[in-house]
Amino acid sequence: MLKGTQTGTNNYLVKQLPIATAFLNRKLEVVHASDKWIEYFNFPDRDVFGKKIFTLFKDSHKNWQKVLNDCLKGKASVNGAERFMDSEQKDRWFEWTNVPWHDEKENVIGVILQTEDITDKVNNELNLEKQHLLFNDKSEIAKIGSWNLDFINQELTWCTTSKRIHEVSLDFEPNIDTAIDFYKQGYSRNTISMAVERAMVEGVPFSEKLQLVTAKGNEKWVIASGKPIFKHGIFLGLMGTIQDISEEVLADIKTKENELLLKTLIDNLPLNVFIKDLDSKKVLVNKSECDYLGVKNANELLGKNDFDLYDKKIAQISRDEDLQVINSLKPILGKETRCVKKDGTVTTFLTSKIPLIGDDKTANGLIGISLDISTLKQKEEELRDLINVTSLQNKKLINFAHIVSHNLRSHSANFSMLLDFLINEQNGEERENITKMLVEASDNLLETLENLNEVVAINTNTNLNKKPTALKETVAKVVLNLAGFLKNNNAKIIDEISDDLVINVIPAYLESILMNFITNAVKYKEPSRNPRITLGTAKSGKYTVLSIKDNGMGIDLKKYGDKLFGMYKTFHNHKDARGIGLYITKNQIEAMQGKIVTQSKVGIGTTFNIYFNDKN
Amino acid sequence: MIRISAIYIIDDDPITVFGIKKLLSTVAECDEITTYANGKLAIDQIKATLENKKSLPEVIFLDINMPIMDGWQFLEAFISLAIPQKIRINIVTSSIDAVDRDKWKWYKSKTHHTITFNNKPIKKEGISEITKVA
């Protein structure tokens with residue numbers, strides 16, 4: 001009875017325990033259990049009493065059986081955690097405390113079980129572990145390490161990533177001094193020292209881009225950030241991160257270096273370089289292009305097109321080229337182009353236009369490269385002029401050699417023939433006749449030599465220089481010298497030359513030329529009328545043109561044109577025709593880099609247009 | 001002595017004309033030697049002769065360099081005339097220019113007349129060779 005009552009009392013006491021508790025007898029059958037225990041496990045059959053524990057926990061761990069048996073032998077066990085699937089099929093975790101149940105005589109009469117639901121705790125721990133792993137991964141990948149400075153204990157801790165960044169072994173123990181010493185001497189070390197100092201003294205957080213030298217001696221760029229921690233106004237220490245940004249910084253430096261290199265290269269190339277967009281607007285120009293277009297700053301050209309910069313016609317040609325390159329995607333290479341700026345300056349370029357092809361395989365602009373070949377072009381022209389002059393002189397030389405050889409030969413042939421006659425001639429009268437002819441031949445030879453000499457002098461006398469000469473004055477002088485001759489022939493000179501006209505000539509040649517043309521005009525007058533000679537001038541490019549127009553007999557230029565200025569060519573049956581005047585005149589004009597153009601009509605008259613080259 | 005009915009000398013140099021005449025007198029008997037100072041005078045005479053159906057010269061001595069109408073222009077005009085009989089034309093020049101020789105060859109190939117090219121001075125030994133009826 002007593003026992004029964006006691007049991008009943010015990011039962012009731014246990015039932016009310018606030019902790020999940022169960023009492024098992026030696027057969028491991030549930031004797032008492034707190035409501036909490038029954039509730040915890042939410043057994044399908046709430047009547048647990050008298051049931052064996054392993055009937056209730058079918059899937060329990062083998063180890064537990066051993067623990068319970070140990071308890072029955074009086075051995076208290078360590079706490080154990082056990083996973084249990086509840087009726088709702090959810091994972092639940094319990095911490096078990098198994099202790100022997102003693103009676104008053106210290107006999108083991110069973111086992112007392114105490115369980116605590118630690119599901120939430122376990123889940124939290126798992127989460128924490130997960131987050132920790134995740135954080136480590138993240139910091140590993142981002143190369144962001146963390147550190148913590150405990151000011152009170154003067155302890156500095158680095159995370160694994162921080163240690164990796166510093167390239168120290170994982171058991172390395174940093175302190176504030178060694179940590180600062182990792183920063184590169186100079187700017188980096190000074191900056192971090194001051195930043196830490198300020199953070200500790202003034203509570204100012206920092207974030208600096210600095211260089212450090214790792215334990216292995218490698219230089220790295222890092223962003224070191226730190227933040228002071230206060231609790232109730234008391235400074236506890238600093239926590240912060242260190243991020244390895246070497247790759248980014250190096251890439252950035254490399255990019256900047258490349259940019260600088262490219263810019264220096266493009267700017268200093270002796271070529272005009274530009275990039276145009278699809279509307280032919282300039283989006284990049286180099287220094288040469290700026291210099292060429294006479295602007296100091298590239299911004300003055302950006303956004304402008306060729307119509308803004310060049311002569312309209314030239315701009316249209318350039319735009320057409322741009323469109324061709326953009327549409328065909330084929331570059332134009334080394335094309336000789338003539339550029340005329342708005343102020344009229346002409347430049348010759350060797351231009352290449354290369355399409356800028358984007359990912360979509362269409363052009364989104366073009367690169368232009370122009371090489372100024374104006375000086376080259378000018379030199380080429382000068383060279384061509386020189387070749388022309390040389391070949392002309394060569395031709396003249398050959399021509400002159402023929403004239404010399406022909407004329408001298410004809411005289412020498414006469415001498416030879418006459419001397420041969422003289423030797424064999426017996427007749428005194430005939431001998432005298434031959435001797436007379438020999439004298440004549442000798443005079444002819446002398447005259448020929450004098451003429452040739454004059455021609456040679458014109459072509460070789462480089463001492464004579466061109467001088468600005470008043471044309472009207474020279475004409476007046478020549479007319480005065482010829483006054484008698486003109487009067488005898490009833491010739492009239494009509495001078496239409498302006499008073500102040502000055503031409504660049506060798507004065508002696510000008511006189512000789514005027515003398516020759518005027519005398520010729522009178523000599524070859526049309527017998528039925530009095531000679532009228534009109535002198536006038538006009539301008540033609542680099543020449544001043546003097547025209548001498550007569551109303552003489554004229555000459556058939558179809559027949560004689562090519563011989564008009566030849567040596568010893570005469571075309572009229574005139575007693576004074578020697579065939580030397582015009583030849584010399586032509587040589588004099590050519591010696592002054594001029595030329596003659598003749599117009600003539602038989603019976604009407606002749607006009608000689610004499611082109612005087614204004615240049616020296 | 002060769003007998004030639006008529007000879008023309010077309011040359012503007014009196015010394016050459018004198019020389020040719022003097023040389024001719026040693027090799028040929030000629031009824032009529034006429035001289036012309038340029039090609040135009042000679043060709044005009046020849047045209048007139050043809051029109052009048054009179055006899056043409058058998059031999060012509062021709063200079064190249066002459067005013068008004070030179071030797072080549074004369075040849076050009078002469079070979080275009082309808083003259084059935086062969087006439088001998090002796091070019092007499094001081095020119096040694098290859099161009100002149102080429103021109104001679106060209107005219108020679110264009111006509112049935114006999115054309116020779118002779119450099120001045122003409123020697124006694126050579127005159128008889130070129131003074132015969134073609």
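The legends below describe close-up views of a predicted model.

**View 1. The five-stranded antiparallel sheet of chain A.**
Five strands of chain A form an open sheet in the order β7-β6-β10-β9-β8, and their pairing is antiparallel. The edges are β7 and β8 (206-213) of chain A; each has a single partner strand, so one side of each is left without a neighbour in the sheet. From one strand to the next, the twist averages 25°. Strands of a sheet pair through backbone hydrogen bonds, either parallel or antiparallel. Within this sheet, β9(A) (residues 219-231) and β10(A) (residues 234-244) pair in the antiparallel sense over ten bridges. One pair to pick out is A224(A) with its bridge partner I242(A) in β10(A).

Helix α8(A) lies across β6, β8, β9 and β10 of chain A. Its direction is at about 145° to β8(A). Helix α9(A) spans residues 246-268 and lies across β8, β9 and β10 of chain A. Helix α9(A) runs at about 130° to β9(A).

**View 2. The largest cavity.**
The structure holds four cavities of 30 Å³ or more. The largest has a volume of about 170 Å³. Its lining counts 14 residues, and the closest to its centre are W147(A), W158(A), A179(A), Y183(A) and I192(A). Elements that give two or more residues to this lining are β6 (144-150), β7 (155-158), α7 (176-181) and α8 (187-202) of chain A. Helix α7(A) supplies the largest share, three residues. By class, the lining of the largest cavity has 13 nonpolar residues, one polar and no charged.

**View 3. Packing of α14(A) against α19(A).**
Helix α14(A) (residues 428-460) and helix α19(A) (residues 581-591) pack at an angle of about 10°, with their axes 9 Å apart. That angle makes α14(A) roughly parallel to α19(A), because angles under 35 degrees count as roughly parallel. From α14(A), the contact uses E454(A), V455(A), I458(A) and N459(A). They meet Y583(A), I584(A), N587(A), Q588(A) and A591(A) in α19(A). The contact has five nonpolar, three polar and one charged residues.

Residue Q593(A) lies in the loop between α19 and β21 (595-601) of chain A. Its phi is near 60°, a positive value in a residue other than glycine.

**View 4. Strand β5(A) and its two partners.**
Strand β5(A) covers residues 108-117 and is joined to β1(A) (residues 20-25) by six bridges. These two strands run antiparallel. In this pair, N25(A) has G110(A) of β5(A) as its bridge partner. Strand β4(A) (residues 91-102) also pairs with β5(A) in the antiparallel sense, over nine bridges. Here F94(A) stands opposite D117(A) in β5(A). Strands β4(A) and β5(A) form a hairpin with five residues between them. In the turn, E106(A) has a positive phi of about 60°.

**View 5. The β13(A)-β14(A) hairpin.**
Strand β13(A) (residues 332-340) and strand β14(A) (residues 346-357) pair in the antiparallel sense over seven bridges. Residue C339(A) stands opposite T347(A) in β14(A). The hairpin has five residues between the strands, and G344(A) takes a positive phi near 95°.

**View 6. The five-stranded parallel sheet of chain B.**
In chain B, an open sheet of five strands has the order β2-β1-β3-β4-β5, with parallel pairing. Strands β2 (28-36) and β5 of chain B stand at the edges; each has a single partner strand, so one side of each is left without a neighbour in the sheet. The twist averages 20° from one strand to the next. Six bridges join β4(B) (residues 88-93) to β5(B), and the two run parallel. In β5(B), I115(B) is the bridge partner of I89(B). Helix α4(B) (residues 98-110) packs on the sheet and touches β4 and β5 of chain B. The direction of α4(B) makes about 165° with that of β5(B). Helix α1(B) (residues 14-27) lies across β1 (2-10), β2 and β3 (59-62) of chain B, running at about 165° to β2(B).

**View 7. A cis peptide bond in chain B.**
The peptide bond from K120(B) to P121(B) is cis, with omega near -10°. Residue P121(B) sits in the loop between β5 (114-119) and α5 (124-130) of chain B.

Terms used:
Residues numbered from 1 in each chain as written. Chains lettered and ligands numbered in written order. Predicted model: local features only at pLDDT ≥ 70, side-chain atom pairs only at ≥ 80, totals over all residues. Heavy atoms only, no water. Axes fitted to C-alpha atoms, helices over the stretch in contact; angles between N-to-C directions. Helix = DSSP H or I, 4+ residues; strand = E, 2+ residues; numbered from the N terminus. Parallel < 35°, antiparallel > 145°, perpendicular 65-115°, else oblique. Contact = heavy atoms within 4.5 Å. Nonpolar A, V, L, I, M, F, W, Y, C, P; charged D, E, K, R; others polar. 1 Å grid on protein atoms, 1.4 Å probe; cavity = no way out; pocket = protein on both sides within 12 Å on 5 of 7 lines; lining within 4 Å. Points joined across faces, edges and corners; volume = space filled by probe spheres on them. Pairing = 2+ DSSP bridges.
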